[in-house]
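Please examine the sequence and the coordinates below before reading on.

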Amino acid sequence: MSLKRIIISALIIRLLIIPFFFHPDIKDINLRVSYLYTDKVLNIYEFLQKNSLTRVNAPDFVYPPLTYFSLGVYQFLIQPMLGNSFHSWLFDFSGLSSTSIYVFRYLMLLKFPYLIFDLLIGLFIYRYLPKDKKDSGLIFWFFNPLNLYAIYAIGQFDIIPSFLTFLSWYLWEKKLFKLSGLSLGLAASFKSYPLLLLLFFLFSKEKLNEKLTHSFLALAFYFLTILPFINSESFRQNVLFSGLTQRIFQLHIPLGGFHLSIFYILFTFLIILRIKFRSLPLWAFVLSTFLAIFSISKFHPQWIVWVTPFLTLAFIYSKINLWKIALLCLSFFMIFALFGDKFLTTGLLSPISPIFLEIPPLTDLLSSSQTHIMQTLTQTLFGLSSLLIIWKTFKTKPT
Amino acid sequence: MKYLILLIIFIILLPAFVTLMLHKSIGLNQQSENHTVYFYGNQNYTQNFTSPKENLNSLSLRMKNTSLGNKEPVTFSIYSASQKITQLKLNGSNIGDGGWVRFSFDKISDSKNRTFRLELSSLTSTPVNAIGVQVNSQNETALITYHIPSSKLNLIYDIYLSFFKKVLQDPIFIIIWFFSIVGTIIFVNKLKIT
């Protein structure tokens, strides 16, 4: 299959999904960022805390400031195309907002930037892979259902930090350590999770001053973007100590009166592995860290995009069987079918017809004990397939 | 290539597959709104509508309980000619500050092409805490009717038909979407990729 045909097919499939699948999160986040130009709000955290009217339906903004400013500026720029009804749509909390006759246009315009970051990841995968693996790597990246679902059907912005993290890894591999650090800092300024990876960069076999410069630049860039807000109580509460961030530490082992987070145990184990096997590829640790987090926490569907660029590398370099990937996909989709939110499944089609909102979530058809058993089984299956992938990844020949 | 074609067919047919799980269809779907008409005391809200399908069994109205200030009893009734078909009682606190409110009742089998009158009243509400109904510039209620479908095939046909009608209602979207697809193909074809 020629490269042009791969790209055209990828884009056509994306353009078939972008305008016709809707999850309310895209509306909620765009409501929050719209305050940047409608009310000229600079500190969204304080604003949402104080404004009782908006607190009813938009209680907080849990992402770092750069997300607010960049998505807000983008929305401001496309405002003429969005039209006059856009703001009343943002404030439609009826649960039937997808029935708006303009919803296809809104979704098309709001999700459009994701296409660029998605294509850019494809470009860097293409550039990195050896000649005989380029096509299969690209096909895996562009046509895996995890990406299509999480980036375009759900429509969250995680593809932006995911691209910047991947770019950071790519620049690191090309020995451009300063740029890699800046890219990681920029990624963390959209969502804080890439900071978790700093230690894996630090414990690599590169020269100490290069590693320190990398970490310094990543942290400096991140702190520079949050510095104006650091004294804001609402910012610290919503971003630095948000429920979302705490979610990864939830699973723990009680040891006497002390609770030891399983995340810390796994993370420490991975760091030890990194120190012991420095020649193993960096992407293997990135992939393992995220798969480990997802296996032990109640993660959000869009988080899977943090993993998929590195899963593509694992698919190529570690020759991971497609059935293992299929098992991961199946358990992933089952987890969210059992989430109890119809907008994660059939409700995504509500722009096509609101009648799809009439289908109850799977959990409504099961008893609570059946739901619990199914959730445990699917989470276990996800953990098991992750473990199989991680195991195979660590058996990859050192580079 | 086969996988890609299958993927595209799957995406296009996904609504049809999901429709197989459905037990309801949509009849009237009037969603445009222009202003709010309030009802309170002896001032009831009434609107006639003609059901386009059989087996009407619920309808949604776009209603407004400003600042959620109304907690008074509200009565919803449907009449055919002068005969009361169904009546539901609810509380103002069940109505949000701008949103769809669903009223479900026993199915009306012979509802196709029948004209009904819906009536909303709230005797104890006052102009200060009155509940409103959203209407369009022709004073037609923002209203969606739901019906139990006679066949799945009809339902699939209805869903795709209403989808295409909805797409055609927004020419700006069609232009953006069409040029994105055509532009993509032209742009990628002109790229010199090695």
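**Buried residues, helices and charged pairs**

With a relative accessibility of 0%, Gln75(A) counts as buried; here buried means under 20% relative accessible area, exposed means over 50%, and partly exposed lies in between (1.4 Å probe, protein chains only). This is a predicted model, in which local features need pLDDT of at least 70 and side-chain atom pairs count only at pLDDT 80 or more, while totals for chains, interfaces and linings use all residues. Residues are numbered from 1 along each chain as its sequence is written, chains are lettered from A and ligands numbered from 1 in the order in which they are written, and side-chain values use heavy atoms, with hydrogens and water left out.

Gln75(A) lies in helix α5 (residues 65-82) of chain A; helices (H or I, at least four residues) and strands (E, at least two) are DSSP runs, numbered from the N terminus. The side chain of Gln75(A) is joined to that of Asn30(A) by a polar contact of 2.9 Å. A polar contact is a pair of N or O atoms within 3.5 Å; within protein, one must be able to donate a hydrogen and the other to accept it, and residues adjacent in sequence count only if both atoms are side-chain atoms. Not counting residues up to four places away in sequence, Gln75(A) touches several residues, among them Val33(A), Tyr37(A), Phe86(A) and His87(A), where contact means heavy atoms within 4.5 Å.

Beyond residues up to four places away in sequence, Ser288(A) touches Leu270(A), Ile390(A) and Phe394(A). From its first C-alpha to its last, α17(A) reaches 22 Å with 15 residues, close to the 21 Å expected at 1.5 Å a residue; the expected span is 1.5 Å times one less than the number of residues.

Two further helices of chain A can be read in the same way. Helix α18 (residues 308-317) has nine of its ten residues buried, so it is largely enclosed by the rest of the structure. The buried residues of α18(A) include Phe310(A), Leu313(A) and Phe315(A). Lys319(A), which follows α18(A), has a positive phi near 50°. In α11(A), the end C-alpha atoms are 16 Å apart, in agreement with the 16 Å that its twelve residues should span at 1.5 Å a residue. Phe177(A), Gly181(A) and Leu184(A) are among the buried residues of α11(A), and their cover includes α10, α12 and α13 (208-226) of chain A.

Attention now turns to charge. Side chains of opposite charge can pair when their charged atoms come close. Over all chains, a search of the whole structure finds twelve salt bridges, each a side-chain nitrogen of Lys or Arg within 4 Å of a carboxyl oxygen of Asp or Glu. Lys191(A) and Asp158(A) form a salt bridge at 2.7 Å, N to O. This pair links distant parts of the chain, 33 residues apart: Lys191(A) is in the loop between α11 (177-188) and α12 (198-202), and Asp158(A) is in the loop between α9 (145-153) and α10 (159-173). Both Lys191(A) and Asp158(A) are buried.

Arg236(A) and Glu233(A) also form a salt bridge, with closest N and O atoms 2.9 Å apart. The two are separated by about one helical turn because they are three residues apart in helix α14 (residues 233-240) of chain A. Arg236(A) is partly exposed at 27% relative accessibility, and Glu233(A) is partly exposed at 45%. In chain B, Asp110(B) forms a salt bridge with Arg114(B), the closest N and O atoms being 2.7 Å apart. Salt bridges that share partners join Glu358(A), Lys24(B) and Arg102(B) into one network.

Chain B also meets chain A at Ile11(B), which touches Ile13(A), Leu16(A) and Ile17(A). Ile11(B) is in helix α1 of chain B and is buried, with a relative accessible area of 11%. The C-alpha atoms of Ile11(B) and Asp97(B) are separated by 36 Å.
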